[in-house]
Amino acid sequence: MKYSPEMVVWEVTYKCNVNCIHCGSDCTSVEKANQLTTAECIEIIEDLADIDTKLIILSGGEPLMRPDIGVLASMIKKLGMRVAFISNGYLLNEEKVKMLAAIYPTAYIISIDAGEAYLHDYIRGKKGCFNHVEKGIQLLHKYNIPPSVVTTIHKLNYTQLPKIRDFLIKNNVRLWQIQYGDHIGRMSKETMITEAQFLEIAKFILDTQQNYKKYFDKVSGADVFGYIGGIGTKIQGAWWGCHAGIKGLGIDSDGTIRGCLSMQMDKYKEGNIRERSLKEIWNDKNSFAYNRRFDCSTLSGYCKKCIYATVCKGGCLRAASVDGGRCNPYCLHKIDVEGFSNESQAKIEFSKQELFDIYNPIRPLPAQFMKSQ
């Protein structure tokens with residue numbers, strides 16, 4: 001069977017100008033010594049065109065920190081593929097947005113983690129980030145580039161969703177993806193939302209989809225929400241299992257190839273373009289075996305006995321395998337059938353003191369946190 005990636009997410013740089021508390025790649029202000037050169041990146045782009053890639057999303061780190069980002073994006077468009085960006089929005093200014101406008105990306109996706117400036121800045125580890133984001137969105141509108149937003153939820157910003165929604169409506173952002181963070185990279189396990197909070201977020205997504213249609217073209221729960229049956233199908237639509245290595249592909253800044261960029265575990269490395277070309281890795285019959293030759297015996301937990309196992313395949317593979325197995329306990333069908341895994345997972349509300357005790361040792365919370373409503 002021939003496979004073609006409909007979407008590629010490419011971490012073109014490890015370097016980042018912020019320091020997010022939940023960063024899955026644990027990016028820093030210093031670039032990796034083995035970052036791909038411009039020439040190597042162009043070879044990758046040519047290979048992606050040859051295997052019928054439709055969309056390449058340039059990510060990081062912060063993609064605008066890469067000096068040749070305009071060259072790479074222009075080459076993607078020249079070879080007939082669509083290009084988009086995932087960014088923290090801090091570096092957007094008139095000059096950079098004019099450059100983007102000349103390329104006309106499918107979307108410019110900005111991460112927004114709170115509806116209040118002080119909390120977004122805390123999560124991002126950089127003061128002024130929220131204000132830069134709002135100005136950046138206004139510039140994107142000015143140059144007719146469609147802004148999109150992605151929000152990563154953990155215990156600290158769980159209650160911020162209505163405020164973020166208000167912010168997006170105010171700034172005419174019509175595309176919004178909501179996802180939850182899990183304990184890979186920099187994020188610690190104790191900051192993850194509970195299963196009960198996950199269910200409440202699902203209800204929020206569904207409510208926004210149904211009752212805010214005039215403000216949003218699409219509100220999605222990414223691949224970590226769903227999966228089949230009941231509210232899961234209403235949110236996600238048809239779910240046919242993880243697409244990593246089938247319709248999706250991830251590329252690290254050093255040329256490491258993965259089925260999905262979010263699958264940062266070593267076991268999901270398929271090779272490096274400095275050893276074999278991307279085209280050779282993609283077309284190798286032994287690559288991405290976890291999905292291309294999926295076997296239900298690899299499933300664990302509830303997924304092993306689920307009636308949807310052969311179709312769902314354990315849900316989002318990153319979320320399903322972060323604890324070593326292949327089963328995502330954050331599954332709306334599983335919660336509907338079996339309830340929450342334990343008492344702690346059934347908890348929804350956390351007091352400010354509880355959140356302080358979780359987060360302050362990781363990064364000192366601003367004094368405003370304990371005073372705010």
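Guide: Pairing first: two strands pair if DSSP finds at least two bridges between them. Helices (H or I, at least four residues) and strands (E, at least two) are DSSP runs, numbered from the N terminus. This is a predicted model, where local features need pLDDT of at least 70, side-chain atom pairs count only at pLDDT 80 or more, and totals for chains, interfaces and linings use all residues. Residues are numbered from 1 along each chain as its sequence is written, and side-chain values use heavy atoms, with hydrogens and water left out.

Visitor: Fine. Which residue in E8 does Met-7 stand opposite?

Guide: Gly-248. E8 covers residues 248-251, and four bridges join this strand to E1 in parallel.

Visitor: How many bridges link E1 and E2?

Guide: Five, again in the parallel sense. Within that pairing, Val-8 faces Ile-56 of E2.

Visitor: Why call E1 largely enclosed?

Guide: Strand E1 spans residues 7-11, and four of the five are buried, so the rest of the structure largely encloses it. Buried means under 20% relative accessible area, exposed over 50%, and partly exposed in between (1.4 Å probe, protein chains only).

Visitor: Side chains now. Where is Arg-66?

Guide: In the loop between strand E2 (55-59) and helix H2 (69-78).

Visitor: Is Arg-66 buried or exposed?

Guide: Buried, because its relative accessible area is 3%.

Visitor: Which backbone oxygen does the Arg-66 side chain reach?

Guide: That of Leu-36, at 2.8 Å. A polar contact is a pair of N or O atoms within 3.5 Å; within protein, one must be able to donate a hydrogen and the other to accept it, and residues adjacent in sequence count only if both atoms are side-chain atoms.

Visitor: What else does Arg-66 touch?

Guide: Leaving out residues up to four places away in sequence, the neighbours include Val-12, Thr-13, Gln-35, Cys-41 and Leu-72. Contact means heavy atoms within 4.5 Å.

Visitor: Next, Ser-111. Which strand is that in?

Guide: E4, residues 107-111. Ser-111 counts as buried because its relative accessibility is 11%. Beyond four places in sequence, Ser-111 touches Ser-87, Asn-88, His-120, Arg-124 and Val-150.

Visitor: And which helix holds Arg-318?

Guide: H12, residues 317-321. Arg-318 is at 12% relative accessibility, so this residue counts as buried.

Visitor: What lines the largest cavity?

Guide: The lining has 14 residues, with Tyr-227, Cys-303, Cys-306, Cys-312 and Cys-331 nearest the centre. The space inside is about 120 Å³. Helices H11 (309-312) and H13 (332-338) each supply at least two lining residues.

Visitor: And what volume has the second largest pocket?

Guide: About 350 Å³. Its lining has 25 residues, and nearest the centre are Lys-189, Met-192, Asp-323, Tyr-330 and Gln-345.

How values were computed
1 Å grid on protein atoms, 1.4 Å probe; cavity = no way out; pocket = protein on both sides within 12 Å on 5 of 7 lines; lining within 4 Å. Points joined across faces, edges and corners; volume = space filled by probe spheres on them.
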